[in-house]
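Hi there,

Here is the structure I promised to pass on to you. Have a look at it first, and then read on for my notes.

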Amino acid sequence: MRIEKPIFVVGCPRSGTTYLAESLGKHPMIAHFPPETIFMPSFFKWFKREEGKNRKLFAKELFEQTFGVYLQKSGKSRLLEKTPENLLIANEL
């Protein structure tokens, strides 16, 4: 499933990211993915070392496979993911 314009809530731990994500997640069109996905910083660290033309496509497909099922089952149009540590990979996201 193609994910259009995902929303990422990032920031320093204990800075209000949970409150912001929960508030935004109450919107009827936003599906708030509940657990923090701590795997993405490690994935992008590996991703930067890989060679090849298809790595951006691979990263996009991995993201859409990981979150697409949740978004589809929610029946909503926007995905919200909150992991404060993803601030370190904001450019990649």
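This is a predicted model: local features need pLDDT of at least 70, side-chain atom pairs count only at pLDDT 80 or more; totals for chains, interfaces and linings use all residues.

**The largest pocket**

With that naming, α2 and α3 each supply at least two residues of the lining of the largest pocket. Helix α3 gives the largest share, 6 residues. The pocket holds about 410 Å³ of space. It is lined by 17 residues, and those closest to its centre are Ala59, Lys60, Phe63, Glu92 and Leu93.

**Aromatic pairs**

The count of aromatic pairs comes to 5. One of them joins Phe33 and Tyr70 edge-to-face, with 5.1 Å from centre to centre and 85° between the planes. Phe33 sits in strand β2 (residues 30-33) and Tyr70 in helix α3 (residues 55-74), so this pair ties together parts that are 37 residues apart in sequence. Are the two partners buried or exposed? Phe33 has a relative accessible area of 14%, and because the cut-off for buried is under 20%, Phe33 counts as buried. Tyr70, at 29% relative accessibility, is partly exposed.

A second pair, Phe43 with Phe58, is tilted: the centres are 6.1 Å apart and the planes make an angle of 40°. Here Phe43 belongs to helix α2 (residues 39-49) and Phe58 to helix α3, so the pair links parts that are 15 residues apart in sequence. Phe43 is buried at 12% relative accessible area, whereas Phe58, at 41%, is partly exposed.

Ring pairs also connect Phe8, Phe33, Phe63, Phe67 and Tyr70 into a cluster.

**The start of the chain**

Where does Met1 lie? Met1 is in the segment before β1 (7-9), and at 46% relative accessibility this residue is partly exposed. The C-alpha atoms of Met1 and Gln65 are 7.2 Å apart, although 64 residues separate the two along the chain. Apart from neighbours within four places in sequence, Met1 is in contact with Glu64, Gly68, Leu71 and Gln72.

Definitions and conventions. Residues are numbered from 1 along each chain as its sequence is written. Side-chain values use heavy atoms; hydrogens and water are left out. Rings of Phe, Tyr and Trp (its six-membered ring) pair if their centres lie within 6.5 Å; planes under 30 degrees apart count as stacked, over 60 as edge-to-face and the rest as tilted. Helices (H or I, at least four residues) and strands (E, at least two) are DSSP runs, numbered from the N terminus. Buried means under 20% relative accessible area, exposed over 50%, partly exposed in between (1.4 Å probe, protein chains only). Contact means heavy atoms within 4.5 Å. On a 1 Å grid over the protein atoms alone, a cavity is a set of points where a 1.4 Å probe fits but cannot get out, and a pocket is an open set with protein on both sides within 12 Å along at least five of seven lines; lining residues have an atom within 4 Å of a point. Grid points are joined across faces, edges and corners, and a volume is the space filled by probe spheres set on the points.
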